[in-house]
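Please look over the chain as a whole before turning to single residues.

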Amino acid sequence: MAKIKTAFFCQNCGAQSAKWIGKCPSCGEWNTYVEEVVEKSVSGGAASVKQRATAARPRLINEIEAREEERFSSANQELDRVLGGGIVPGALVLVGGEPGIGKSTLMLQVALNIPDKKVLYISGEESELQIKMRAQRLGLLHSNCYILTETNTENIFHHIHDVAPDLVVIDSIQTLTTPSIESSAGSISQIRECSSEFQKYSKENGIPVFLIGHITKEGSLAGPKLLEHMVDTVLQFEGDHNHVYRILRSQKNRFGSTSELGIFEMRSDGLREVSNPSEILLTSRDEPLSGITVSSTIEGMRPILIETQALISTAAYGTPQRSSTGFDVRRLNMLLAVLEKRCGFRLSIKDVFLNITGGLRIDDPAIDLGVICAILSSSEDIAVSDKTCFAAEVGLTGEIRPVTRIEQRIAEAQKLGFEEMFISKYSLKGIDQNSFSIKLHPVAKVEQVFSLLFG
Ligand code: TYD
Ligand code: MG
C-alpha cells in the first residue's frame, strides 16, 4: 500500500522541506511554506531493481541513430519563428503571460488553424460555449479541433487515448489536478505532478503539448521555476494592455535560439501576425520633432527599426530623475556620463526620460548611438530628420564602435525609405558601400556625430 507522506513547499519557489520554516532558505521569502500531501509509493530494494530492468540502458553515443527532428508548421509564422522553425514532435512547451494578454486566444487560433492535424484543446478555465464563442469571433470554424473542458488528468488521458490527437493544448496548467495527489489545483505539488505526467506523455508518444501557464504578481511564471526546468521551451507572451501589439519571446528553447521575437497585433477578430514590424513601430511624423531617433536593431534573425524618444528637462527637484522604458537604465546612465565627459553637456542636473516605442525591450547595443542622439536632440531642441537612421555602439571613451550584421541593418533602413545612416567607421570594413543607395556617415567619435547633426 502506498504511504501518504506530507511535506512543506515554498509557494514562491517550490523548495521542499520536511518541517515548516518561516523563512525560505532558497528564495528568502517569509511565510511561504504550506503543507501539502505528497503520495510517494515505497520504492527501493527488489521493486526498484525490477523497474531498472525495463528502463533505458546506457548506450554509446555513436550507436544512437541521428535523425533530423521532423518539425511541423503551426501555420503561424511568428510562432514558428519563435519555436525555432516549427513544432517539434514530443516537445513540451510552456506559454506564459499576464492575464488577458491573449494566451488563450493565441493557442486557440493555432489549434483552429493548423492544417491536417487533429488538435485537442483542453480548457479548465472556460466552458465549451465560451470557447465556441471565441472561435466564432476568430472566424475559424472548419477545423479538426476537439474541445474538452476537464481538469482531472486521469480523465484527460482517457480522452487523449480516444481522440489520439497530433497536438495537445492545455489551458491552463494551474487548473489541472491529478488524483494521485490530494492538494488543491494550482498548488506547487499539483503543478509539478501534472506537468510531469504531460512531460512523460509527450516524450513517450512524440506528441507536442502546449501548456498555458499563469504569471505571478512578481512577473515570473507561476508555480515554480521547476516548471521551467521540466519543459523544453518557455515562451513568454508580453505587451502592454494599452498597446495593441503583443510580443512572443522565448526564454528557453531546447530546439532553437532564444533571441527570436514574434510580433502580433490584437484585433477584434483575434491576433494578426505582424511580419514587417518596422513599419508599425515607427510613428509617422508630420512635422519634425526633437528627441526622436530611429535605430536599426536586430532581434533574432530579423532586423527591426525601432524608435527611441527622449525628453530632457531641468530637474524640478534636487535629485534629477532617470527613467527609461525598454532600455537598461544603467546603460542609459553610462551613456549620459559619456556625453557629460566627452561633449561637455551638463546632463547631471537634468531629468532624463527615455522610451522605446511599441513596448519593446531592447538589449542590442547597436541602439546606443540612436539613444545618445535622441538625448542630444531633445536637449538642444533640434529635430533629427525622420529620414536618418542609426546603428552603432558607444564605448566609454565616446568612441563609436561597430556592430554585428551591419549590412542587414543598412538594407532594412534603406528598404523603409531612410536616406542617411550613421554607422561606425570601423563597420565599413568588408562591406560594399556602392551596393547601397542610402548615404552612409561613418563616424568614430560622439563629438563628430554631434557636429554633423547639430552643427
Ligand atoms: P485571452 O486570450 O483570454 O487572454 P489570456 O488567456 O492570456 O488571459 O485574451 C483576452 C483579451 O484579448 C481580452 O481582453 C479581449 C482580447 N481579445 C481581442 O481583442 N480580440 C479577440 O478576437 C479576442 C478573442 C480577444
Ligand atoms: Mg486564458
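A residue is called buried when its relative accessible area is under 20%, exposed when it is over 50%, and partly exposed in between, with a 1.4 Å probe and only the protein chains taken into account. By that rule E412, with a relative accessible area of 10%, is buried. The model is a predicted one, in which local features need pLDDT of at least 70 and side-chain atom pairs count only at pLDDT 80 or more, while totals for chains, interfaces and linings use all residues; side-chain values rest on heavy atoms, with hydrogens and water left out. Residues are numbered from 1 along each chain as its sequence is written, and chains are lettered from A and ligands numbered from 1 in the order in which they are written.

E412 belongs to helix α11, which spans residues 406–415; helices (H or I, at least four residues) and strands (E, at least two) are DSSP runs numbered from the N terminus. If neighbours within four places in sequence are set aside, E412 is in contact with S278, P303 and L305, where contact means heavy atoms within 4.5 Å.

From this position the reader can turn to the ligand. Ligand 1 is surrounded by 15 residues, of which the closest are G100, S104, T105, R267 and G270; a residue counts as near a molecule or strand if one of its heavy atoms lies within 4 Å of it. An oxygen atom of ligand 1 lies 2.7 Å from a backbone N or O atom of G100, and a polar backbone atom of I101 is 3.4 Å from an oxygen atom of the ligand. The side chain of R134 also takes part, with an N or O atom 3.1 Å from an oxygen atom of ligand 1. Of the 550 Å² of accessible area that ligand 1 has on its own, the protein covers 74%; such areas come from the Shrake-Rupley method with a 1.4 Å probe, and for residues only the protein chains shown count as cover.

Which elements give two or more residues to the shell around ligand 1? They are α3 (103–113), α4 (128–138) and β11 (261–267), and the largest share, three residues, comes from α3. By class, the shell holds three nonpolar, six polar and six charged residues, where Ala, Val, Leu, Ile, Met, Phe, Trp, Tyr, Cys and Pro count as nonpolar, Asp, Glu, Lys and Arg as charged, and the others, Gly among them, as polar. Helix α3 is largely enclosed by the rest of the structure, because ten of its eleven residues are buried; among them are K103, S104 and T105.

On the scale of the whole chain, there are twelve helices and 21 strands, and the C-alpha atoms fill a box of roughly 85 × 55 × 50 Å along the principal axes. Of the 455 residues, 48% count as buried. The domain assignment, which is automatic or taken from a database, gives domain 1 (1–38), domain 2 (71–275) and domain 3 (280–454). The centres of domain 2 and domain 3, taken over C-alpha atoms, are separated by 38 Å, and 14 residues of domain 2 are in contact with ten residues of domain 3.

Some loops deserve a separate look. N31, in the loop between β2 (16–17) and β3 (33–40), has a positive phi near 55° in a residue other than glycine, and at 59% relative accessibility N31 counts as exposed. A75, in the loop between α1 (45–54) and α2 (77–83), likewise is not a glycine and has a positive phi of about 60°, while its relative accessibility of 39% makes A75 partly exposed. The peptide bond from D171 to S172 is cis, with omega near -5°, and S172 is placed in the loop between β7 (167–171) and α6 (188–205). Finally, T283 lies in the loop between α8 (277–281) and β13 (292–299) and is partly exposed at 44% relative accessibility; the C-alpha atoms of T283 and D386, which are 103 residues apart along the chain, are 9.9 Å from each other.

Conventions. A polar contact is a pair of N or O atoms within 3.5 Å; within protein, one must be able to donate a hydrogen and the other to accept it, and residues adjacent in sequence count only if both atoms are side-chain atoms.
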